[in-house]
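Please find below a colleague's note on the model under discussion.

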Amino acid sequence: MKKIAHAIILAMALFSVAVVEAKDLRNDSAQHNYQVTKKFYQSLIDSGNPNNPQLAELNLLMTMLPKGGDIHHHYTGALYAETYLDWVDKQGFCVYRVDDPARHREKYRIDSSPQGAGPTDNDCLKADAIRQDTGFYRELLMRWSDKDFANHSHEQPAPDQQFFDTFGFFSPAAGYSAVAGLQILKQQAKADKVQYLETMLKSAPSVDNPALAARIDALPPDADASVVGQALTSYADFLDRDADAQQKIADYKSALASYAAGIDDADFTLRFQSYVSRNNPPAQVFAGLYSAFAAAHGSKLIVGVNIVGPENGVVAMRDYNLHMQMFHLLKQRYPDVHLSMHAGELTLGMVPPEGLRDHIRNAVEIAGAERIGHGIDVTYESNPDRLLEEMQQRHVAVEICLSSNAFILGVEQKAHPVTVYLRHKVPFVIATDDAGVSRSNIGAEYLLFASRYKPSYDVLKQVVYNSIRYAFIDPAEKKLQLQQLDRRFIQFEAAAAKLADDSARPLR
Ligand SMILES: [Zn+2]
């Protein structure tokens, strides 16, 4: 009996030694692959400039790189114009091929009359006819996105105008099917090695109460905080009790839930941010924000709230601080709700200098933003050094969208503050913003980041991990996402180490 027990103990000991050895071996090879990948990546960025052929090799590596999450992402801006043209077809719509002001027709606009009720003349083209007309098709893609904006001479609106106009062109087709659109984005995410998407798909509903709204809309810009607080609280109290508002919020939540039903799998997770547009009248913004918070409160699917639209708009600039107070009040009512805010998507010349002084600071200090979208004007803020220190200490993460910033604001290369955030140890992520409009993808954003700013491999990896660490997904799910990212990096580094071996051979 004793002998058997000894034999069992010996076998167990040998087995555990074997397990430990196998684990050590795995760790050794993972460590080796990591070191080789790091060296290989460094060799590519050392010579990686846009005129260097190794940019393509860096692109190859960036395509393979696990990207974690894309957490600054607009659903309608993420889909490509070609998809919207397919949806014009599926809905039986047509697109005007000429301007005709007398008949309220504008070239490139979609006529979304119900099937059979649309124009019968030849000036509104079906999708097939557009695809067959090479010239018009190319022009359409250029108006429905930023395609070919900068590479040839043509009639140019201001770039930010061009960018925001695209949404007006394709939006009549965009309502075709959120389920289909999300499937397209999921497939793209998988191809791009993105495991987590936090997208803004549908703005939160806004319920009007004319008497209470008038009180908010009449607030002077310099209104005392307590007066603002009272006006907002009365409206929020009304919305708390209003059956219509509560029904609309419930409908909003179930619409998003139905779009996302069944989309998550072992390699892909989708979550939403609710949001409002910042260029609407104050009471409308507030009622929408109330719904956005109420919908996100206690929700596993709607993980945060945002505010969108051109920040340099007249209303957005005028009401910026009022919006921050709205966020502040609602954050107190719903402390569990996470906030990411487009803030500081501005640059000198776009607005008067005083407009650049405090948007990021107020988003952080008054609204309580945990993440900042863009944060481009940070170096123009009052006491920017102290603001950066505060962001670093509070772990406020910045969502860096390089293509979008280059196009809309003209801020790129060495003028982009990503290096400032890096030096001041403010965490940031790389994101796409509107990949369809920008004709980009997340791999291209990482290529810009790596080739222009030459972060070390460890920094690059840190930035990828940030996209999960600062995601608004709940903590238990975040842990699983981080473990998945660990596994993906082990696989990536094994493949990259092999690539490094292959690339050591001479080209000919
Ligand atoms: Zn955005």
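The numbered points below take the domains and then the sheet.

1. The model is predicted: local features need pLDDT of at least 70, side-chain atom pairs count only at pLDDT 80 or more, and totals for chains, interfaces and linings use all residues. Residues are numbered from 1 along each chain as its sequence is written.

2. The protein chain is split into domain 1 (80-174) and domain 2 (178-490), with bounds from an automatic or database domain assignment. Their C-alpha centres are 29 Å apart. Eleven residues from domain 1 and nine residues from domain 2 make the contact, where contact requires C-beta atoms, placed from the backbone, to lie within 7 Å.

3. On the side of domain 1 that touches domain 2, helix H4 (81-90) and helix H7 (159-174) each supply at least two residues. H7 gives the most, with five residues. Helices (H or I, at least four residues) and strands (E, at least two) are DSSP runs, numbered from the N terminus.

4. An open sheet is formed by eight strands, ordered E1-E5-E6-E7-E8-E9-E10-E11, with parallel pairing; two strands pair if DSSP finds at least two bridges between them. Strand E1 (68-74) and strand E11 (428-430) are the edge strands, each pairing on one side only.

5. Strand E6 (residues 269-277) pairs with strand E7 (residues 302-308) in the parallel sense over six bridges. The bridge partner of Val276 in E7 is Ile307.

6. Helix H15 (residues 359-367) packs on the sheet and touches strand E8 (338-343) and strand E9 (371-374). The direction of H15 makes about 165 degrees with that of E8; axes are lines fitted to C-alpha atoms, for helices over the stretch in contact, and angles run from 0 to 180 degrees between N-to-C directions.

Methods. Contact = placed C-beta atoms within 7 Å.
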